[in-house]
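User: I'd like to learn how to read a few features of a protein model. Could you take me through one?

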Amino acid sequence: FINLNNGCEYDDLTFTPQQIKKRYLYILKKIQVIDTGTIVALKLKDKLNYFIAILACMRANITYVHLVIQWPSENIKKIKKKKNIKITTVIVKKRI
């Protein structure tokens, strides 16, 4: 997908294939340093970065958990404590 993408339009902005690839490589680099036994918590406002982060997790063979921005912090804490799973949050800049 990343090598064959045609770019996209999102949030009234147009992204070139090179910009999409740059975002993907940035996120993939952050995710690849995580142990494959760790579950990554994805909590991103930007839907494009969120989609690209899912692709990067799949490429790196990392399991991810979807966390909704609007969820109360108590709900997020419950998810993180579930079965003593180690969850790492990956921070992604809004605009890469």
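User: Let's start with Asp 12: is this residue buried or exposed?

Analyst: Buried means under 20% relative accessible area, exposed over 50%, and partly exposed in between (1.4 Å probe, protein chains only). Asp 12 has a relative accessible area of 83%, so it counts as exposed. This is a predicted model, in which local features need pLDDT of at least 70, side-chain atom pairs count only at pLDDT 80 or more, and totals for chains, interfaces and linings use all residues. Residues are numbered from 1 along each chain as its sequence is written, and side-chain values use heavy atoms, with hydrogens and water left out.

User: Where is Asp 12 found, and what is its phi?

Analyst: Most residues other than glycine have a negative phi. Asp 12 is not a glycine, yet its phi is positive, about 60 degrees. Asp 12 sits in the loop between strand E1 (8-10) and strand E2 (13-15). Helices (H or I, at least four residues) and strands (E, at least two) are DSSP runs, numbered from the N terminus. Asn 61 also has a positive phi of about 60 degrees without being a glycine. Asn 61 lies in the loop between H2 and E4 and is exposed, at 60% relative accessibility.

User: Which way do the side chains of E3 point?

Analyst: In a regular strand the side chains alternate between the two faces of the sheet. In E3, Ile 39 and Ala 41 point one way, Val 40 and Leu 42 the other way, and all are buried.

User: Which strand pairs with E3, and in what sense?

Analyst: Two strands pair if DSSP finds at least two bridges between them. E3 pairs with strand E4 (residues 63-66) in the parallel sense, over four bridges. Ile 39 has Thr 63 as its bridge partner in E4.

User: What about the largest nonpolar core: how many residues does it have?

Analyst: A nonpolar core is a set of buried Ala, Val, Leu, Ile, Met, Phe, Trp, Tyr and Cys residues joined through side-chain atoms within 4.5 Å. The largest one here has 21 residues, and Tyr 24, Ile 31, Leu 42 and Ile 62 have the most contacts inside it. Helix H1 (17-32), strand E3 (39-42) and helix H2 (47-59) each supply at least two residues of this core. H2 gives the most, with eight residues.

User: Is Asn 49 buried or exposed?

Analyst: Asn 49 belongs to helix H2, and it counts as buried because its relative accessibility is 2%.
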